[in-house]
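Please look through the sequence and the structure shown below before reading on.

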Amino acid sequence: METELTINIGGLPPFSARGCEQELTPITQGEFHRNINGDLIYLGNDTHTKYKSTIKCSDKAAIATDGLYRGREIELGCIQRLWQKFEANQREVHLDKIPVEGSLYAHSEDKTEIAILQATDKHITLNAPNPGGFICYRPKLTMRIIQYSLNTNEWGIKVGWQMECEEI
């Protein structure tokens with residue numbers, strides 16, 4: 001396997017996605033303002049987080065572009081992992097995002113693995129008793145392509161691509 005990245009449209013030909021980098025950035029959903037006393041206040045919605053993703057890769061081939069176009073809805077299996085804390089003896093955990101199959105694991109703060117008894121979409125059932133700790137996973141995000149680009153360094157025998165997406 002060359003990469004953990006998955007995209008349900010187009011594809012990743014051999015030697016097109018080794019060493020990819022992904023940046024997940026929360027999309028701005030509000031604004032900061034200062035009141036008359038100079039205090040910083042936030043006017044926005046903090047009940048959910050949607051992400052912007054930028055993926056960059058430089059390898060020997062480009063991404064397959066069939067079916068890729070600006071505005072296209074895709075399902076992206078991220079490289080970037082998300083971490084979520086859970087408390088001691090907590091059996092039920094609701095994740096913020098749906099995990100990519102096979103990417104989910106839980107461990108205590110001392111790095112001891114904690115058994116995951118069941119995982120259904122965003123709902124996780126952990127073994128109890130447990131000392132609390134963290135769940136780690138790669139999110140599967142439904143996104144729209146904002147733009148993508150391809151580039152080639154003919155003499156350096158390098159081909160690169162970049163894709164920007166925003167979560168729906």
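## Overall dimensions

The chain has a radius of gyration of 19 Å, whereas a compact globule of 168 residues would have one near 15 Å. These values, like the others in this report, come from a predicted model. Along its principal axes, the C-alpha trace of the chain spans about 55 × 50 × 25 Å.

Of the 168 residues in the chain, 34% are buried. When contacts between residues at least 6 apart in sequence are considered, 71% of them join residues that are at least 24 apart.

## Strands and their pairing

The secondary structure of the chain comes to 15 strands and zero helices. Four of these strands form an open sheet in the order β7-β13-β9-β10, and their pairing is antiparallel. The edge strands of this sheet are β7 and β10, the latter covering residues 113-114, and each of them pairs on one side only. Within the sheet, β9 and β10 are joined in the antiparallel sense by two bridges.

Elsewhere in the chain, strand β1 (residues 6-7) runs antiparallel to strand β6 (residues 73-77), and two bridges join them; here Thr6 stands opposite Gly77 in β6. Strand β6 is also joined, by five bridges and again in the antiparallel sense, to strand β14 (residues 140-153), where Leu141 is the bridge partner of Leu76.

## Ala106 in strand β9

Ala106 is found in strand β9, and its bridge partner in β10 is Ile114. Is Ala106 buried or exposed? With a relative accessible area of 1%, Ala106 is buried, because buried means a value under 20%.

Leaving aside residues up to four places away in sequence, Ala106 touches Phe86, Thr112, Glu113, Ile114, Ile116, Leu126, Phe134 and Ile135. The C-alpha atom of Ala106 is separated by 8.9 Å from that of Tyr137, a residue 31 places away along the chain.

## Two aromatic pairs

How many aromatic pairs does the model contain? The count comes to two aromatic pairs. In one of them, the ring centres of Phe32 and Tyr42 are 5.0 Å apart and the ring planes stand at 50°, so this pair is tilted. Phe32 belongs to strand β3 (residues 30-34) and Tyr42 to strand β4 (residues 40-44), so that the pair links parts of the chain that are ten residues apart. Phe32 counts as exposed, at 56% relative accessibility, whereas Tyr42 is partly exposed, with a relative accessible area of 35%.

Another aromatic pair is made by Trp83 and Tyr105, which are arranged edge-to-face, with 6.3 Å from centre to centre and 85° between the planes. Trp83 lies in strand β7 (residues 82-86) and Tyr105 in strand β9 (residues 105-108), 22 residues apart, and the pair thus links distant parts of the chain. Trp83 counts as partly exposed, at 49% relative accessibility, and Tyr105 is partly exposed as well, with a relative accessible area of 34%.

## Arg138 in a loop

Arg138 lies in the loop between β13 (133-137) and β14. At 6% relative accessibility, Arg138 counts as buried. The side chain of Arg138 reaches the backbone oxygen of Glu4 at 2.6 Å.

Not counting residues up to four places away in sequence, Arg138 touches a set of residues that includes Glu4, Gly77, Cys78, Ile79, Gln80 and Arg81. Ile98, Pro99, Val100 and Ser103 are also among the residues that Arg138 touches.

## Cysteines without disulfides

The structure holds zero disulfides. Cys136 is buried, with a relative accessible area of 0%.

Cys165 is likewise in no disulfide, and the nearest cysteine sulfur to its own, that of Cys78, is 9.1 Å away. Cys165 is buried, with a relative accessible area of 0%.

Terms used:
Residues numbered from 1 in each chain as written. Predicted model: local features only at pLDDT ≥ 70, side-chain atom pairs only at ≥ 80, totals over all residues. Heavy atoms only, no water. Phe/Tyr/Trp six-rings, centres within 6.5 Å; stacked < 30°, edge-to-face > 60°. Helix = DSSP H or I, 4+ residues; strand = E, 2+ residues; numbered from the N terminus. Buried < 20%, exposed > 50% of the residue type's maximum accessible area, 1.4 Å probe, protein only. Contact = heavy atoms within 4.5 Å. Pairing = 2+ DSSP bridges. Polar contact = N/O pair within 3.5 Å; in protein donor to acceptor, adjacent residues only side chain to side chain. Disulfide = S-S within 2.5 Å. Rg over C-alpha atoms; globule rule 2.2 N^0.38 Å.
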